[in-house]
Amino acid sequence: QVQLVESGGGLVQAGGSLRLSCAASGRFSSILVLAWYRQAPGKQRELVARITLGGSTDYADSVKGRFTISRDNAKNTVNLQMNSLKPEDTAVYYCNAVASPFKTGGYWGQGTQVTVSS
């Protein structure tokens, strides 16, 4: 089992920056993919960015060029550097891990609120 704990959310003005972090702990053999999702009020949860064990990354079109995902395999952590934040980035951000032992949908953190004021 994998436990994920996010940190780093908060309130920031438009154009500002925030850095989210997620730490994985528990009993697992490897974490294949680490990802950040977000869910705004009244909207479905969406993928923001993901990174594989080998370092390959994918980003939602809406955040390309503004957000950067990174991971430290030795520490089992994943970070999301968010720059040039916009009010539409306001959401609860969730960390997700695809790890062994595998679980449908992966493992989820509790979420951290990001609020961007205009």
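1. Let me begin with Pro101. Leaving aside neighbours within four places in sequence, Pro101 is in contact with Gln1, Arg27, Phe28 and Tyr107. This is a predicted model, so please read each distance below as computed from predicted coordinates. Pro101 belongs to the loop between E9 and strand E10 (107–108), and its relative accessible area of 38% makes it partly exposed.

2. Next, Asn96, which sits in strand E9 (residues 91–100). Is Asn96 buried or exposed? With 5% relative accessibility, Asn96 is buried, because the cut-off for buried is under 20%. Its side chain comes to 3.2 Å from the backbone oxygen of Tyr107. Beyond four places in sequence, the contacts of Asn96 include Leu4, Tyr37, Gly105 and Trp108, as well as Tyr107 itself.

3. Now the charged pairs. Side chains of opposite charge can pair when their charged atoms come close. How many salt bridges does the structure hold? There are five. One of them joins Asp61 and Lys64, with the closest N and O atoms 3.1 Å apart; Asp61 is exposed, at 65% relative accessibility.

4. Asp89 and Arg66 make another salt bridge, at 2.8 Å from N to O. This pair connects distant parts of the chain, 23 residues apart: Asp89 is in the loop between strand E8 (77–82) and E9, and Arg66 is in the loop between strand E6 (57–59) and strand E7 (67–72). Asp89 is buried at 0% relative accessibility, and Arg66 is buried too, at 10%. Through salt bridges that share partners, Arg38, Glu46, Arg66 and Asp89 form one network.

5. The largest nonpolar core counts 30 residues, and Trp36, Leu80, Met82 and Tyr93 have the most contacts inside it. Among the elements that give two or more residues to this core are strand E1 (2–7), strand E3 (18–26), strand E4 (30–39) and strand E5 (46–52). E9 gives the most, with five residues. Setting aside residues up to four places away in sequence, Met82 touches Tyr93, Leu18, Leu20, Phe67 and Val114, among others. Arg66, from the salt bridge with Asp89, is also in that contact list of Met82.

6. Last, strand E11 (112–117), another element that gives two or more residues to the core. Thr112, Val114 and Val116 make up its covered face, while Gln113, Thr115 and Ser117 are on the uncovered one. In a regular strand the side chains alternate between the two faces of the sheet. E11 pairs with strand E2 (residues 10–13) in the parallel sense over four bridges, and Gln13 stands opposite Ser117 there. With E9, E11 pairs in the antiparallel sense over three bridges; here Val92 stands opposite Gln113.

Definitions and conventions:
Residues numbered from 1 in each chain as written. Predicted model: local features only at pLDDT ≥ 70, side-chain atom pairs only at ≥ 80, totals over all residues. Heavy atoms only, no water. Buried < 20%, exposed > 50% of the residue type's maximum accessible area, 1.4 Å probe, protein only. Polar contact = N/O pair within 3.5 Å; in protein donor to acceptor, adjacent residues only side chain to side chain. Contact = heavy atoms within 4.5 Å. Salt bridge = Lys/Arg side-chain N within 4 Å of Asp/Glu carboxyl O. Core = buried A, V, L, I, M, F, W, Y, C linked by side-chain atoms within 4.5 Å. Pairing = 2+ DSSP bridges.
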